[in-house]
Amino acid sequence: MAGQAQYEELARQLSAVGAVKRDLGRILPQDCPAGSAAVLALLGSHGDMRLSNLSELLAVDMSVTSRHAAHLADRGWIERSPDPADKRSRILHLTPEGHVMLVELSRRSAGFLAERLSDWSDAEVGQLIGLLTRLRASFGDCRTVPHRPPPPPESPPPAAHPPAVPAVPVSEPTVPVSGRTPTTRTPAQAT
């Protein structure tokens, strides 16, 4: 099993994925922001659906999803039809123009990734796809699983020897207390 340092590095690397997503967002057409592109992609992969289902898949509030849907409908990329099962609801589906835009979005993102990963082998790209797919599967459906805080750390067994002190002391300033002169402490002194 991976150790604490590996999980910390993984967390840093995952937060850096935001830079990749921002770069992908920069290649989108001006009239199709990232949220709208996500709606088109979901309708393209899942088919027609209610606004509430789309909102759940996006993991955003209905009002946000509604704004994206209105933006796309104004451009003629989706249509909102009455739901035959519930006339108060609307079913969203891609129009032929929406399919054309989805193909354009796919072309742009694939081209961009091909350019940026040109020095990667096919096997490396395949390995990344496999690992990211596995990562997503490990998290399951994030919309329905409540966040659970990590369990408290177990107390280590009493040490036979005192903890090792770093070879080079690192000083940390302390906050002055009631007019006294600030002092510095090494990590070993701070405990």
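Helices (H or I, at least four residues) and strands (E, at least two) are DSSP runs, numbered from the N terminus, and two strands pair if DSSP finds at least two bridges between them. The structure is a predicted model, in which local features need pLDDT of at least 70 and side-chain atom pairs count only at pLDDT 80 or more, while totals for chains, interfaces and linings use all residues. Residues are numbered from 1 along each chain as its sequence is written, and side-chain values use heavy atoms, with hydrogens and water left out.

**Overall make-up**
- The protein has seven helices and five strands, and from the N terminus on its elements follow the order α-α-β-α-α-β-β-α-α-β-β-α.
- Of its 191 residues, 17% count as buried, a term that stands for under 20% relative accessible area with a 1.4 Å probe, counting protein chains only.

**Strand pairing**
- A hairpin of two residues leads from strand 2 to strand 3, and these antiparallel strands, of which strand 2 covers residues 78-83, are joined by six bridges.

- T95 sits in the loop between strand 3 and helix 5 (96-116), and T95 is buried, with a relative accessible area of 4%.
- Apart from neighbours within four places in sequence, T95 is in contact (heavy atoms within 4.5 Å) with G76, W77, I78 and E79.

Definitions and conventions: Buried means under 20% relative accessible area, exposed over 50%, partly exposed in between (1.4 Å probe, protein chains only).
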